[in-house]
Amino acid sequence: QPSTAFIGASWDRIGREIAEDIVAECGTGSGKSGKVAVVPGQLTAADSVIMNEAAFKVFEEGGIEVVSNQASDWEPEKARQITSTVLQQHPDLCAIFGHWDVHTMGAGNAVKDAGKADDVLVYATGGGDDVTCKAVEGGILDRVWSYDADGQGRDAGTMIDLILQGARNPEGTMRAESPLKIIKSGEDFDPTLCFSL
């Protein structure tokens, strides 16, 4: 059934932007291995498929080698186990791209446990709640592309209000893409980018 409107994240944009950041940090000319592990929740989940398609195109052009693309079934402990194994196989791993902050925290803990927190960047996506900010502040996650779940509720309410007042897009479905907030560790860390649960 065609929808009247869409509110939400642009998985293509998120996958592309994270991949571009990884290329800048780990790719050709960085002096690093270029090795990246991807930890989707499920290989067939729509968001993971779209993010991987966008990211892998950027990786191919940027000298990145994806050494692992294993799903964690959204489980932090499974993500930790996968990452621990990958770190043993590839001690020069440069970055991890997890497709959701909650399970990616397991990957981040594996990096920390291996004493590689200064060597391996841990990327994730998420809704931007304060649990995410605590993980970034604690050095478990390095960079999170937040699609601002709290703001999506506001945007959905606004869109419904407009539709009930007769607003229509003559070209088809109305779309409100969630604005992205990039939460970074270190000096750029800003806890105000997260909302409280």
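Residues are numbered from 1 along each chain as its sequence is written. Because the model is predicted, local features need pLDDT of at least 70 and side-chain atom pairs count only at pLDDT 80 or more, while totals for chains, interfaces and linings use all residues; side-chain values use heavy atoms, leaving out hydrogens and water.

Helices (H or I, at least four residues) and strands (E, at least two) are DSSP runs numbered from the N terminus. Helix H1 (11-26) comprises 16 residues and reaches 22 Å from its first C-alpha to its last, close to the 22 Å expected, the expected span being 1.5 Å times one less than the number of residues. Its buried residues (under 20% relative accessible area, with exposed over 50% and partly exposed in between; 1.4 Å probe, protein chains only) are Ile 14, Gly 15, Glu 17, Ile 18, Ala 19, Asp 21, Ile 22, Val 23 and Cys 26. The cover over these positions includes S2, H2, S4, S5, strand S6 (143-146) and strand S8 (181-184), where covering rests on contact, that is, heavy atoms within 4.5 Å.

Helix H2 (residues 46-62) has 17 residues and spans 24 Å between its first and last C-alpha, close to the 24 Å expected. Among its buried residues are Asp 47, Met 51, Val 58 and Phe 59. Helix H1 is part of what covers the buried residues of H2, as are strands S2 (35-39), S3 (65-69), S4 (95-98) and S5 (121-126). Gly 63 follows H2 and has a positive phi, near 75 degrees.

The largest nonpolar core has 23 residues, and those with the most contacts inside it are Leu 93, Ile 96, Leu 141 and Ile 183. Such a core is a set of buried Ala, Val, Leu, Ile, Met, Phe, Trp, Tyr and Cys residues joined through side-chain atoms within 4.5 Å. Two or more residues each come from S2, helix H3 (76-89), helix H4 (101-113), S5 and helix H5 (130-137); H3 gives the largest share, four residues. Apart from this core lies another, of 22 residues, among them Cys 26, Ala 95, Trp 145 and Tyr 147.

Leaving aside neighbours within four places in sequence, Ile 183 is in contact with residues including Thr 132, Val 136, Phe 189 and Cys 194. Under the same exclusion, Asp 130 is in contact with Cys 194, Phe 195, Ser 196 and Leu 197. Asp 130 lies in helix H5 and counts as partly exposed because its relative accessibility is 21%. Asp 130 and Pro 191, 61 residues apart in sequence, are 7.7 Å apart in space, C-alpha to C-alpha.
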